[in-house]
Number of protein chains: 2
Amino acid sequence: MTRRSRMPEHPTILDVARRAGVSKSTVSNVIRSSQGVTDEKRQAVALAIEELGYRPNAMARQLVQRRTKIIGAVVGDLANPFHAEMAKLVEQQSAARGYATMFSNTLGDNATEAAGIEVMLEHRVAGIIFLAFSARDRPLRASLNGRVPVVFIGCSEPWADSVVAADRRGARLATEHLLGLGHRRIAFLVNELVEKSGHRSRLAGYRDALARARVRPGPMLRWTEDGPQVAGNGRPTPIEEIVLGPERVTAVFSSNDLGAIRLLDSVERAGIPVPGKLSVVGYDGAAVTALSRIALTTVAQPKEDLVLAGTETLVARVAGLSGPPRRQVVDVTLLVRGSTAPPSRSNGGRRN
Amino acid sequence: MTRRSRMPEHPTILDVARRAGVSKSTVSNVIRSSQGVTDEKRQAVALAIEELGYRPNAMARQLVQRRTKIIGAVVGDLANPFHAEMAKLVEQQSAARGYATMFSNTLGDNATEAAGIEVMLEHRVAGIIFLAFSARDRPLRASLNGRVPVVFIGCSEPWADSVVAADRRGARLATEHLLGLGHRRIAFLVNELVEKSGHRSRLAGYRDALARARVRPGPMLRWTEDGPQVAGNGRPTPIEEIVLGPERVTAVFSSNDLGAIRLLDSVERAGIPVPGKLSVVGYDGAAVTALSRIALTTVAQPKEDLVLAGTETLVARVAGLSGPPRRQVVDVTLLVRGSTAPPSRSNGGRRN
DNA sequence: GTGAAAGCGCTAACAG
DNA sequence: CTGTTAGCGCTTTCAC
């Protein structure tokens with residue numbers, strides 16, 4: 001037992017070389033399955049690798065190659081089922097392309113997001129996929145732009161590639177569905193997890209539909225910790241007031257499913273039946289909306305398509321593809337379920 | 001414009017040194033905020049870093065230090081809300097301790113899991129947190145054991161640290177709740193996402209309660225793609241048959257919430273009311289179970305406690321703590337909600 | 001206090 | 001076809 005004979009925690013390429021009786025580079029050649037290596041030596045190396053439990057050190061390789069096989073994924077909130085489903089797909093697609101995935105959960109918080117991105121940049125990730133983006137600050141954008149390939153999925157920024165759903169059209173479909181049912185007082189609900197780019201489009205789609213039908217927009221609702229709040233109003237507004245008060249809202253279009261589900265919950269706890277007294281439409285198409293108990297009418301984003309296109313684009317950029325930012329749009333589907341119905345006679349259905 | 005003046009994509013410590021007019025090591029000292037550096041030089045370095053947009057290369061640092069600041073997290077299925085919530089907490093806790101998180105979604109699949117772990121090992125992650133574990137194969141376990149700190153959260157293996165909920169007690173509580181309500185035909189439902197260690201404990205707790213009450217165990221149900229299936233039976237059993245058939249099951253204890261929610265859904269689609277004709281209890285305490293529309297009675301695992309203890313333990317091991325595997329147990333809470341009620345007169349409540 | 005020098009484990013020319 | 005060599009960007013002794 002000489003000192004050297006102690007099995008190292010992580011054997012190196014040199015340990016393998018010694019054991020196999022070849023040189024470092026031959027081992028390297030075998031590992032990277034490069035062409036010219038005798039079968040004999042190849043086998044010897046393979047054996048040594050097996051016996052030693054050798055595993056190439058990705059850090060070392062990535063340092064010399066000056067590029068990693070890690071994709072950074074910035075996600076809004078894993079506790080939001082839709083986000084989790086998207087994150088799952090991103091991990092899956094990245095893994096399928098040989099990339100490890102480093103996640104950062106931002107909770108819509110700017111500082112958390114910045115810190116997460118910083119870590120990714122220090123790790124020299126090959127690229128970053130944004131499933132949500134809130135950065136207001138220039139510095140971050142500056143350090144991102146040009147330094148690392150970036151693609152936005154389900155959200156977008158003019159300076160990078162993006163794959164988005166046809167949000168404006170989706171919101172229009174949702175609103176028209178409500179309009180078609182006879183609703184005339186339709187509120188728009190948003191919360192902190194809806195990225196601003198998506199928000200704008202969805203709001204625009206909602207307004208499009210109303211304008212086309214010559215219906216006055218309903219109140220803008222924002223979900224806060226204490227419940228829904230009418231925009232421009234300092235305090236939370238009890239849901240009863242929104243539905244039964246002077247506004248007489250008969251339907252709500254929520255710009256994401258989570259908001260719609262929360263709303264459903266608080267509305268029914270307040271004794272207001274859905275869709276009896278209030279119709280609700282969501283946006284995203286989270287799996288949970290399909291449960292019979294929830295049965296939320298929603299606009300489904302094609303999750304697989306989004307992630308597939310996004311990953312593909314990112315990988316292409318990593319591989320060196322150049323050119324101006326590319327924006328891909330995928331279509332959405334309105335899924336009509338049990339949370340929407342014609343307004344009840346008592347508080348809706350009349351002209352405004 | 002000499003060749004050298006081109007701003008490199010990623011400036012190195014040497015670029016900073018040149019710009020600040022100091023040596024490499026001084027820059028390094030500043031970056032790591034080590035003691036002996038003149039304020040003057042420190043400022044000069046800070047300025048150069050700022051101007052260059054320098055960001056230390058984590059790969060290089062980790063290579064020389066021979067340890068990374070990356071924690072690997074193995075998760076079962078991000079589409080399972082409980083798993084996603086746990087994953088979120090892991091990322092949060094890791095980030096709070098200065099670690100980046102590398103995720104691997106296994107879908108309960110052995111090969112996927114093995115591949116994910118392999119990638120983590122090649123990246124020399126500081127430690128691995130298993131939120132789910134399915135590996136049957138020895139080789140994997142061997143390469144894990146001793147090479148990298150491992151902690152299991154919500155599942156366990158005798159050869160490594162673990163933090164688990166009091167699963168056996170939890171299952172007993174759930175079953176006793178059902179028993180207390182008057183149920184005598186209580187089925188046990190499991191699916192592919194319940195790790196085997198948790199499964200064993202939960203099944204034991206269920207049996208404990210029944211044995212203590214001298215009630216015969218109900219059928220073992222396994223959720224398959226086509227719906228619930230009675231164990232030992234080759235084909236899927238229609239839910240109607242389970243409830244209305246000879247077994248006359250009046251309640252089901254599902255060993256995870258996802259299974260319970262799926263069951264709820266298929267049962268009600270079949271026209272069998274819950275809890276009218278069938279009571280359902282879940283396990284995990286996923287946030288979605290609290291929605292009024294779902295209102296699933298469940299056994300809540302203390303998610304924060306689990307992850308906190310797990311992360312703490314892992315970090316301690318990374319820091320060099322030695323000693324035999326440590327098993328921590330945290331308590332659970334039965335949350336009684338609307339999915340359970342006394343059995344209806346027509347098909348339950350009698351002795352068996 | 002600061003700089004010079006020696007690697008961390010690997011890849012990628014480049015000779016033999 | 002195989003071995004030798006020169007780094008990748010950083011930390012870390014060790015002299016000055």
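**Exercise 1.** At what angle do helix 5 (residues 81–96) of chain A and helix 12 (residues 303–318) of chain A pack, and how far apart are their axes? Describe the crossing and its contact residues.

*Solution.* Keep in mind that this is a predicted model.
- Step 1: the packing angle is about 40°, and the axes lie 9 Å apart.
- Step 2: angles under 35 degrees count as roughly parallel and 65 to 115 as roughly perpendicular, so helix 5 of chain A is oblique to helix 12 of chain A.
- Step 3: the crossing of helix 5 of chain A with helix 12 of chain A is right-handed.
- Step 4: helix 5 of chain A contributes residues including Phe82(A), Met86(A), Leu89(A) and Gln93(A), while those from helix 12 of chain A include Lys303(A), Val307(A) and Thr311(A).
- Step 5: sorted by class, this contact has seven nonpolar, three polar and three charged residues.

**Exercise 2.** Now look across the two chains: how do helix 4 (residues 58–65) of chain A and helix 4 (residues 58–65) of chain B pack?

*Solution.* 
- Step 1: their angle is about 135°, with the axes 9 Å apart.
- Step 2: roughly antiparallel needs an angle over 145 degrees, so this pair is oblique.
- Step 3: helix 4 of chain A passes helix 4 of chain B in a left-handed crossing.
- Step 4: the contact is formed by Met59(A), Ala60(A), Gln62(A) and Leu63(A) with Met59(B), Ala60(B), Gln62(B) and Leu63(B).

**Exercise 3.** Which residues of helix 2 (residues 24–31) of chain A are buried, and what covers them?

*Solution.* 
- Step 1: Thr26(A), Val27(A), Ser28(A) and Val30(A) are buried.
- Step 2: their cover includes helix 1 (13–20) and helix 3 (39–52) of chain A.
- Step 3: just past helix 2 of chain A, Ser33(A) adopts a positive phi of about 40°.

Conventions
Residues numbered from 1 in each chain as written. Chains lettered and ligands numbered in written order. Predicted model: local features only at pLDDT ≥ 70, side-chain atom pairs only at ≥ 80, totals over all residues. Heavy atoms only, no water. Axes fitted to C-alpha atoms, helices over the stretch in contact; angles between N-to-C directions. Helix = DSSP H or I, 4+ residues; strand = E, 2+ residues; numbered from the N terminus. Left-handed = near helix turned anticlockwise from the far one by under 90°. Contact = heavy atoms within 4.5 Å. Nonpolar A, V, L, I, M, F, W, Y, C, P; charged D, E, K, R; others polar. Buried < 20%, exposed > 50% of the residue type's maximum accessible area, 1.4 Å probe, protein only.
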